[in-house]
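Dear colleague,

My findings follow directly after it.

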Amino acid sequence: MDTIEQRIDAVRNDREHGSRWLVQQTITILRDLAQEQGAAQEEQMAHLLKAGRTLAHARPAMAALSSAVGHILSVQGGPQAVAQIAQQLLQDYATATERIAQHAQPYLSGCLLTCSISGTVLDVLSAHRQQIAQVIVLEGRPRYEGRETARILGAQGIAVTLLTDAQAAIFIPQCQAIVVGADSILANGDVLNKAGTALLAYAARGHNVPVYVLCETLKVAPQRWPQDFQQAQALLEEKEPEEVLERPLPGVTVRNFYFDHTPYTLVNKVITERGLLTLPDIQAIAITAEKNAHTLFEG
């Protein structure tokens with residue numbers, strides 16, 4: 001069995017899964033560590049805090065990891081209480097997409113367009129496949145995870161059209177909505193998601209097509225979008241240029257950011273397991289997340 005350190009590295013280095021899967025892994029790591037036998041309670045809590053802080057920083061664009069860690073480790077009562085709250089959070093998270101699907105049902109019909117891969121979006125679209133005529137999927141360079149999205153939806157009996165990312169604006173006018181997930185919802189309502197989401201949202205606004213974000217409330221973060229470009233880049237997780245261009249070209253710099261920033265003004269609805277979130281709702285959740293983060297990092 002992998003060690004805790006190896007499992008944390010797997011979360012940090014994962015390129016294949018959406019944030020939903022990574023959140024589940026993060027919660028499970030903390031639960032399992034809290035259930036380990038043999039160490040004194042004080043020592044075990046120290047190990048939990050160390051692992052939690054590492055996990056919270058493992059994926060800067062994915063606020064749900066930090067939110068989940070803060071929620072779990074802010075509980076009082078030692079390792080046993082930590083294990084119990086982690087297990088409860090796992091159970092709540094497992095049913096979240098069912099509740100999101102209920103709230104999203106009135107908005108998902110006809111022809112929809114999505115990008116990248118999101119476990120939440122896949123579950124919700126599959127739940128409403130009878131009322132969806134077609135899903136247009138962008139393939140998601142540089143790792144083409146949209147192809148997996150297309151495969152899964154097609155296996156559910158949904159009519160799927162797969163496109164290169166650059167073709168999105170050609171097909172947006174025939175869509176009833178753009179449906180995407182989120183890796184983070186910032187405190188001012190802005191969205192961090194797979195690179196290409198922002199361009200999609202700007203194009204959708206130009207064609208008067210609504211953009212719906214489907215996500216769990218754990219993805220609400222206390223941060224705001226930084227005005228400093230260097231700080232902003234840190235949130236977007238730049239990866240190896242070889243994923244974009246295998247062999248370097250003389251005089252050519254390759255950039256490979258995995259995420260981008262979509263302003264709240266381009267999002268029509270944020271649909272969560274609690275229902276549709278208004279901006280005051282998002283800000284209230286962000287305040288709680290900030291309190292938990294303070295406990296984790298400074299308490």
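Which residue in S4 is the bridge partner of Leu-113? In this predicted model, that partner is Ile-178. The pairing belongs to strand S1 (residues 110-115) and strand S4 (residues 177-180), which run in the parallel sense and are joined over two bridges.

Both strands are part of an open sheet of seven strands, whose order is S3-S2-S1-S4-S7-S9-S10 and whose pairing is mixed. Strand S3 (160-163) and strand S10 (275-276) are the edge strands, and each of them pairs on one side only. Helix H5 packs on this sheet, where it touches strand S7 (211-214), strand S9 (269-272) and S10. The direction of H5 makes about 140 degrees with that of S9. Helix H6 (residues 119-127) lies across S1, strand S2 (132-138), S4 and S7. Relative to S7, H6 runs at about 110 degrees.

There is also an open sheet of three strands, in the order S5-S6-S8, with antiparallel pairing. Strand S5 (184-185) and strand S8 (259-262) stand at its edges with a single partner strand each, so one side of each is left without a neighbour in the sheet. S5 and S6 pair over two bridges in the antiparallel sense, and Ser-184 stands opposite Leu-192 in S6. Helix H9 (residues 197-206) lies across S6 and S8, and its course is at about 35 degrees to S8.

As to the packing of helices, H5 (residues 78-104) also meets helix H3 (residues 41-56), at an angle of about 40 degrees and with the axes 8 Å apart. H3 and H5 are therefore oblique to each other. On the H3 side, the contact is made by Gln-41, Gln-44, Met-45 and Leu-48, while H5 contributes Gly-78, Pro-79 and Val-82. Four nonpolar and three polar residues make up this contact of H3 with H5, and no charged residue takes part.

How many cavities of 30 Å³ or more does the model contain? The count comes to two.

The largest cavity has a volume of about 310 Å³. It is lined by 27 residues, of which His-17, Ser-116, Ile-117, Glu-145 and Phe-259 are the closest to its centre. Helix H2 (19-34), H6 and strand S6 (191-194) each supply at least two residues of this lining. By class, the lining of the largest cavity holds eight nonpolar, nine polar and 10 charged residues.

With kind regards

Note on methods. Residues are numbered from 1 along each chain as its sequence is written. This is a predicted model: local features need pLDDT of at least 70, side-chain atom pairs count only at pLDDT 80 or more; totals for chains, interfaces and linings use all residues. Side-chain values use heavy atoms; hydrogens and water are left out. Axes are lines fitted to C-alpha atoms, for helices over the stretch in contact, and angles run from 0 to 180 degrees between N-to-C directions. Helices (H or I, at least four residues) and strands (E, at least two) are DSSP runs, numbered from the N terminus. Angles under 35 degrees count as roughly parallel, over 145 as roughly antiparallel, 65 to 115 as roughly perpendicular and the rest as oblique. Contact means heavy atoms within 4.5 Å. Ala, Val, Leu, Ile, Met, Phe, Trp, Tyr, Cys and Pro count as nonpolar, Asp, Glu, Lys and Arg as charged, and the others, Gly among them, as polar. Two strands pair if DSSP finds at least two bridges between them. On a 1 Å grid over the protein atoms alone, a cavity is a set of points where a 1.4 Å probe fits but cannot get out, and a pocket is an open set with protein on both sides within 12 Å along at least five of seven lines; lining residues have an atom within 4 Å of a point. Grid points are joined across faces, edges and corners, and a volume is the space filled by probe spheres set on the points.
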